[in-house]
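Welcome, and please take a moment to look over the model below.

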Amino acid sequence: MSHSSPSRGRRASESDETGVDPGRIRVGVGELAVATDGETLTTSGLGSCVAVGLVDRDAEVHGLLHAMLPSEDDARSAAARPAKYVDAGIATLIERLRRSGASGDRLEARIAGGAEMLDLTDAVGPRNVERAEESLAAAGVPIVASDVGDGVGRTVQLRADGGLVVRAADGFERTL
Amino acid sequence: MRVDVRALGACNRLSERGAKQAADALSELTGTDLAVEVTGASVASGEDLAEAFAGRESIGVSVGLRGGLEGEAVLAFDADNVDALLSLLPGGQSMGHSAVSEVGNIALGGFLDGWANYLGTAIDMTPPRYFEADGAAVLPDGALAGDGVFLFESRLDATTTDLDFSIYMLPDSGQFRDLIVGKTAAAAAPGTEAAAAGGSDGDVGGPAVPYESLSTFASLAKRGSANAADNIAMMTGLETTVDVSRLRFVPLADVPAEVGVEPHAGTVFELQGKPSGYLAILFEESSAATIAEAMLPMEPDEPLGDMAENALCELGNVMTSGFIDGWANVLGTSIAHSPPEFVHDIGSATISPLVAKLSQRQDYGFVIDAAIRTEGVEARCDVYALPDERELADALAQLSEP
Amino acid sequence: MATRVLIADDSEFMRNLLREILEGEFEVVGEAENGVEAVNMYEEHGPDLVMMDIVMPIRDGIEATTEIMEDNPEATVIMCTSVGQEEKMKAAIKAGAEGYITKPFQKPNVLDAIGSAV
């Protein structure tokens, strides 16, 4: 019933999740968000993109990044949006978490996505994952769980406790 | 007159920012979360718009624009939702039209603030006018008259209730031209991200295209669709039409949201030539199954199994050829396409690698809204044409040279 | 004595909303539906405060404010509008407005603005 592009059906509403009290914050492609009030951070339709969830449980701060490309160096344009890139996005997310009271040595990471969706494009998914691992290692943030690769799209939610709920296109769901 | 594609991009960002302000205002007013889902500039003929909006009943609130930007802006929503809206407003039920007009006024005020502040000028709004409209009559005056107008549209989605809004803005074209070659083009000059991209190329002018060529490009989509329909008819022996309602110019980063998280099936092609790029034809699952079944001599064992996949790949082949042959003919270039790659997954996930690849070089892509009708079966699909922006601009620029 | 307020807004919905916020603590002396009515009702009632919309038919809120201020330099006007454009804000202040609230507003915004203007 939207007024634009009649050829598109209803977008799936995300209200089937229990998104009650603390609320949820949607993170778009090439965006990141930090939450300090127990909100659930969600991002949908991860294909080759990679989602990085970071949490400092003691400080009750968590943040989610949905990055599209491995490195700022790949960009032919100066990065106006660091969250578009895995490396710049992780650096920005860590910095924003710190400013919200997180401590760098308490942060832990969970990552998802980086699928190889198409043979037509070079393997951007695996490169995204690789870069995420490198950047997190360089920042001294341990990756405690991951669900990456394969050829399947994913939708993720980062809970305030750091748990990353990953739902695959086929409906299979697991919590990292 | 030449339009810098990046300047058009800056207008798009303004529109995006405006839509965000409008969404915030509406969220506060209604106590419902609203998010900006899609923002884009579209180029379409009046006839196509009329077709695209056929059969819909809308409630609209319109304001006229004077001063820094002239034209008209409309906030529209589905007529069925008027009660839901009124129930969310304090005292809304008893206020009816007045409440709706004020909602429109507030949202459109927010939408225009971003533009006015950016332009460093004031945009005067006329008092809001409430109206009910059938079909494309909801669009700003003049949208249906021309054969290639710029229409900015944003969709605001409510996350919890059935309360979605669209904002359409049709700037007066003369003044809008000045705007995109004037102030906005200046903003795309050195220092900004887009300009840095152009600069590293050494192509000082950037991807500038003649204003008229943009509507030429819109008619390309139309022409391509006629070819695509002929090809399908030839392949299947079924009488087929492909209708293209319009061509939208959308930020690449919005494309995944545009496709949405519903499962989609379809085909993806790589294009080689001038322009190169990608083309994706995506159906919602049920549409994919319907069209595949119509093409197959017998009912397939499973709705989207191997047989359907083959059918959709073939369909993709002939549609893609139809589109790109039309483009190549008009542009006077040659464009080839790769074999189809079948995709079946979360819609936005299927297209994300294409967006990632192209976004290294550019910020915008095109979406062609299309519907295929074959032997009484109708299947809607979206065709995402993601050409290399510079190559396309070059080709379009050559079109206008004597 | 309660502060006497004139509301000028072409939207009945908005006038009601404002009246609801103001009633109790303030006395609403009148509701104008356009800029001309606002000027006339100002002359008639001599309110302590005008809550003035900008986009109104016949005469807009900035013009009405200018006209009110010409004859009544002591008048207090708060713009109460859906327009958040910087140039419009400057114009409103130039016309003599004491405050500027953008819609949608909550009761505390309105009371704060009145508190600092009166």
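What percentage of the 118 residues in chain C do buried residues make up? They make up 54%, where buried means that 20 or more other C-beta atoms, placed from the backbone, lie within 10 Å of a residue's own.

## Before we start

This is a predicted model, in which local features need pLDDT of at least 70 and side-chain atom pairs count only at pLDDT 80 or more, while totals for chains, interfaces and linings use all residues. Residues are numbered from 1 along each chain as its sequence is written, and chains are lettered from A and ligands numbered from 1 in the order in which they are written.

## Chain C and its helices

Chain C holds 5 helices and 5 strands (DSSP runs of H or I with at least four residues, and of E with at least two, numbered from the N terminus). Along the sequence they follow the pattern β-α-β-α-β-α-β-α-β-α.

Let's look at one helix pair. Helix α3 (residues 61–71) of chain C packs with α4(C) at an angle of about 15°, and their axes are 8 Å apart; axes are lines fitted to C-alpha atoms over the stretch in contact, and angles run from 0 to 180 degrees between N-to-C directions. That makes α3(C) roughly parallel to α4(C), a term for angles under 35 degrees. On the α3(C) side the contact is made by C:I62, C:T65, C:T66 and C:M69, and on the α4(C) side by C:A91, C:A92 and C:A95. Two residues are in contact if their C-beta atoms, placed from the backbone, lie within 7 Å.

## Where chain C meets chain B

The contact between these chains takes 20 residues from chain C and 22 residues from chain B. On the chain C side, α1 (12–22) and α4 (86–95) are the elements that give two or more residues. The most come from α1(C), with 5 residues.

## The sheet of chain A

In chain A, 5 strands form an open sheet in the order β2-β5-β4-β6-β7, with mixed pairing; strands pair if DSSP finds at least two bridges between them. β2 (31–35) and β7 (143–148) of chain A stand at the edges with a single partner strand each, so one side of each is left without a neighbour in the sheet. The twist averages 10° from one strand to the next.

Strands β4 (residues 50–56) and β6 (residues 108–113) of chain A run antiparallel and are joined by 6 bridges. Here A:A51 stands opposite A:A112 in β6(A). Helix α1 (residues 86–99) of chain A packs on the sheet, touching β2, β4 and β5 (61–67) of chain A.

Technical notes
Buried ≥ 20, exposed ≤ 12 C-beta atoms within 10 Å, placed from the backbone. Parallel < 35°, antiparallel > 145°, perpendicular 65-115°, else oblique.
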